[in-house]
Amino acid sequence: MLRSKYFFYSLFFYIISAFGVSLSIKAAIGVSAFNAMNLALSSITSLKVGTITFIMNVCFLTGHMIMTRFKKPKGYLMKFISVLLLGSVINFILYNVLVDWQLTSYVQRLIIILIGNTIGGIAVAFIVYFDVIAFPMESLCVDIQHRTNIPFAYLRYGVDVISLAVSIIISLSLSLPFFAREGTIISMIIFTTTLNKTRSYLLARKGVKLEVQP
């Protein structure tokens, strides 16, 4: 019963996370490496950003399913539902709610990306805290770590490096705007800091003793 409750709580925070991602994209001064790749792929296809985000997450989920030999059907279903919701909400917010919203100054864009990453960091911290629906990307990295002993951090950074490279190659090859800009650095700092501090706060309230985090 408790895990079922946390499942729905987690879905709620997936929605909040999607809102944060949408604000960051709307700011248009650069997004996280993974979202930069999704934006680049969206720009060369007829697919919306949220749809690309869903497809990429399904790719990670497929890898996770293969690595775990399809032994966790309930977990796979929960992850599928969560990333479907994430992509759908991103599409709804970007192409319906925010479609006519104009940011007329760079300061406004900075404020919006700060708000977006703060919201996203808080939402992901709660998802991690509930520990019911892990993101497919992180799940696959954990699987590979267990098989190869490559540190999780290296694998996760590797995903970001590949995502960034794909985004830059697409932009250079097709003379498109760069989707990884100063906002990408802002996202790394604000999102990670907010996530760590929120998670630390949640675990401290639960009585879990933490190691010092950056």
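Visitor: Which helix holds Leu 77?
Guide: This is a predicted model: local features need pLDDT of at least 70, side-chain atom pairs count only at pLDDT 80 or more, and totals for chains, interfaces and linings use all residues. Numbering runs from 1 along each chain as its sequence is written, and side-chain values use heavy atoms, leaving out hydrogens and water. Helices (H or I, at least four residues) and strands (E, at least two) are DSSP runs, numbered from the N terminus. Leu 77 sits in residues 73-97, helix 4.

Visitor: What is the area of the nonpolar surface patch that includes Leu 77?
Guide: Patch residues have over 30% relative accessible area and no salt bridge; like charges are joined within 9 Å, nonpolar side chains (Val, Leu, Ile, Met, Phe, Trp, Tyr) within 5 Å. Areas come from the Shrake-Rupley method with a 1.4 Å probe, and for residues only the protein chains shown count as cover. Leu 77, Phe 80, Ile 81 and Leu 84 make this patch, of about 330 Å².

Visitor: What distance does helix 5 reach from its first C-alpha to its last?
Guide: Helix 5 covers residues 106-130, 25 residues. The expected span is 1.5 Å times one less than the number of residues. The model comes close to that expected value, reaching 36 Å.

Visitor: Which residue takes a positive phi just after helix 5?
Guide: Helix 5 ends at residue 130. Just after it, phi is about 55° at Asp 131.

Visitor: Which residue of helix 5 pairs its ring with Phe 13?
Guide: Rings of Phe, Tyr and Trp (its six-membered ring) pair with centres within 6.5 Å; planes under 30 degrees apart are stacked, over 60 edge-to-face, the rest tilted. The search finds twelve such pairs. In this one the centres are 6.0 Å apart and the planes at 45°, so it is tilted. The pair links parts 117 residues apart, with Phe 13 in helix 1 (residues 2-27) and its partner in helix 5, Phe 130.

Visitor: Is Phe 130 buried or exposed?
Guide: Buried means under 20% relative accessible area, exposed over 50%, partly exposed in between (1.4 Å probe, protein chains only). Phe 13 has 15% and counts as buried. Phe 130 has 11%, so Phe 130 is buried.

Visitor: How many salt bridges does the whole structure hold?
Guide: A salt bridge is a side-chain nitrogen of Lys or Arg within 4 Å of a carboxyl oxygen of Asp or Glu. One of them joins Glu 182 and Arg 181 at 3.2 Å. The search of the whole structure finds three.

Visitor: What is the closest N to O distance between Arg 156 and Glu 138?
Guide: Arg 156 is in helix 7 (residues 152-174) and Glu 138 in helix 6 (residues 136-148), so the pair ties together parts 18 residues apart in sequence. Glu 138 is partly exposed, at 23% relative accessibility. The closest N and O atoms of the two lie apart by 2.7 Å.

Visitor: Which residue joins Glu 138 and Arg 156 in a network of salt bridges?
Guide: Arg 156 has another salt bridge, at 2.9 Å from N to O. The network's other member, linked with Glu 138 and Arg 156, is Asp 160.
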